[in-house]
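Subject: Structure handover

Hello,

Here is the structure we talked about. Please open it next to this message; the findings follow below.

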Amino acid sequence: MENTGKSSILVLGSTGSVGEQALDVAHKTGARVLALSANRNAKRVAEQARTFGVRACAMADAEAAKELRLLLADTDVKIYSGMEGICQMIADQEGEDQIVLNSIIGEAGLKPTIATLQAGKKLALANKESLVCAGEIVMNLAKEKGIEILPVDSEHSAIFQSLRSGSKKEIKRILLTASGGPFYGYTKEQLAKVTLADALAHPTWKMGAKITIDSATLMNKGFEVIEAVHLFDVTPEQVQVLVHRESIMHSAVEYTDHSTIAQLSVPDMRLCVQYALTHPQRTPAVIDELDLTRVGSLTFAKPDTETFPLLRVAINAIKAGGALPAVLNAANEIAVAAFLQEKIRLPKLFQVVENVVSNLEAEAKKEKTLEGIFHFDDLARTRANELIEHY
Ligand code: MG
């Protein structure tokens, strides 16, 4: 599809880290922002709505929607409430060349992803859980509607860009880079002692709390393997995870002739947003220049899946398939929430996720329907909560 650079965007999850960065890109590139959605932060959404002159806003939380109605009472911005409201807002926006940027956190992003594809709108996807939980369903729907999903995850954006050098049948494998997080090189004993504050200090990327913890445990990299398998239609065996501490090479594609094409830049999510909005064109930079002489050297190593077991659990989950990746995600969401409340530490977080996944594997891997995925998502959350409470 030709991109005139005149796309209008809907930003879902507009008060989160990626959402705010997306609005910064929209501001710097002059893209039109049509609509916003967020969970609870009505005050911030009201400010954003006025800055960008949006048509509509949706709040997932019903109380926050009421608050936003009051805050924007002097405008004609249409306010929607709840998850159904978010999906309805997407369907209601009329006009050509719309891109929905989904940067909602967690499994909550899945229904809006489906609503976007059903409405026939382009999807810039920062919500990796849409693909982790229901990758086959989402990709089949995109194919049926003739919509290309534009990845807004630095690694997948890098792969997407590197894939312009060859055809699908020429891909040998994907090299998915990982920063390794703040605990790279730690032993199991050292990892057992880390605190919430340690885990929130990511060395190279500026991100929200949930994904920062997932990066520290390598769960995020596991999700990204699953995401890559679905987005680029490769096998789990074709995805090699490489620890690359500098976060300069954002991933690469190795072709059948052993030529490897990579994408490099300073680590800044705004480039991923910009590329998704302007693809297949490139427009003047919103991020800083990369000075390789200052970076000096780039290093690569294998990940340690003994100390950080969740990457291995994720690869096994995508190999098993069905609803098992959704189970993994749900158990992890609950365990990370408990870690963020300082109820549990990392060894317990790993144990909860591994237990729930192994207990539900036999049933979940056979499940392919969306209803079944939501059922197993629920079940996994209940099991994970039980394990945390009985700790
Ligand atoms: Mg990433």
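A salt bridge here is a side-chain nitrogen of Lys or Arg within 4 Å of a carboxyl oxygen of Asp or Glu. By that rule, Lys128, Asp153, Glu155, Lys221 and Glu224 are linked in a network of salt bridges. Please keep in mind that this is a predicted model.

**Metal site**

Asp153 (OD), Glu155 (OE) and Glu224 (OE) coordinate the magnesium ion at 2.1 Å. The donor spacing in sequence reads D-x1-E-x68-E. Asp153 and Glu224 thus come from distant parts of the chain, 71 residues apart. Asp153 sits in the loop between β7 (149–151) and α7 (154–162). Glu224 belongs to helix α11 (residues 219–232).

**Other salt bridges**

The whole structure has 21 salt bridges.

- Asp74 pairs with Arg50, and their closest N and O atoms are 2.9 Å apart. This pair links distant parts of the chain, 24 residues apart. Asp74 lies in the loop between α3 (62–71) and β4 (78–81), while Arg50 lies in helix α2 (residues 42–52). Asp74 is exposed at 59% relative accessibility. Arg50 is partly exposed at 43%.
- Lys66 pairs with Glu63, with 3.3 Å between the closest N and O atoms. Both residues lie in helix α3, three residues apart, which is about one turn of the helix. Lys66 is partly exposed at 48% relative accessibility. Glu63 has a relative accessible area of 52% and counts as exposed.
- Arg270 pairs with Asp268, the closest N and O atoms being 2.7 Å apart. Arg270 is buried at 17% relative accessibility. Asp268 is buried too, with 15%.

**Pocket and cavities**

The largest pocket has a volume of about 800 Å³. It is lined by 38 residues, and the closest to its centre are Met139, His230, Leu231, Phe232 and Asp233. Which elements give two or more residues to this lining? They are α6 (129–145), β7 and α11. Helix α6 gives the most, with 11 residues.

There are two cavities of 30 Å³ or more. The largest cavity has a volume of about 50 Å³. Its lining includes Ser154, Ser157, Gln161, Trp205 and His250. Asp268, from the salt bridge with Arg270, is also one of the lining residues. Two or more lining residues come from each of α7 and α12 (269–278). The largest share, three residues, comes from α7.

**Surface and a loop**

Leu264, Leu292, Leu298 and Phe300 make a nonpolar surface patch of about 320 Å². Leu292 is partly exposed, at 44% relative accessible area.

Pro267 is in the loop between β11 (260–264) and α12. Its relative accessible area is 28%, so Pro267 is partly exposed. Pro267 and Glu289 are 22 residues apart along the chain, and their C-alpha atoms are separated by 11 Å.

Best wishes

Terms used
Residues numbered from 1 in each chain as written. Predicted model: local features only at pLDDT ≥ 70, side-chain atom pairs only at ≥ 80, totals over all residues. Heavy atoms only, no water. Donors = N, O, S within 2.8 Å, 3.2 Å for Na, K, Ca; no water. Helix = DSSP H or I, 4+ residues; strand = E, 2+ residues; numbered from the N terminus. Patch = residues over 30% accessible without salt bridge, like charges linked within 9 Å, V, L, I, M, F, W, Y side chains within 5 Å. Areas by Shrake-Rupley, 256 points an atom, 1.4 Å probe, with all protein chains shown as cover. Buried < 20%, exposed > 50% of the residue type's maximum accessible area, 1.4 Å probe, protein only. 1 Å grid on protein atoms, 1.4 Å probe; cavity = no way out; pocket = protein on both sides within 12 Å on 5 of 7 lines; lining within 4 Å. Points joined across faces, edges and corners; volume = space filled by probe spheres on them.
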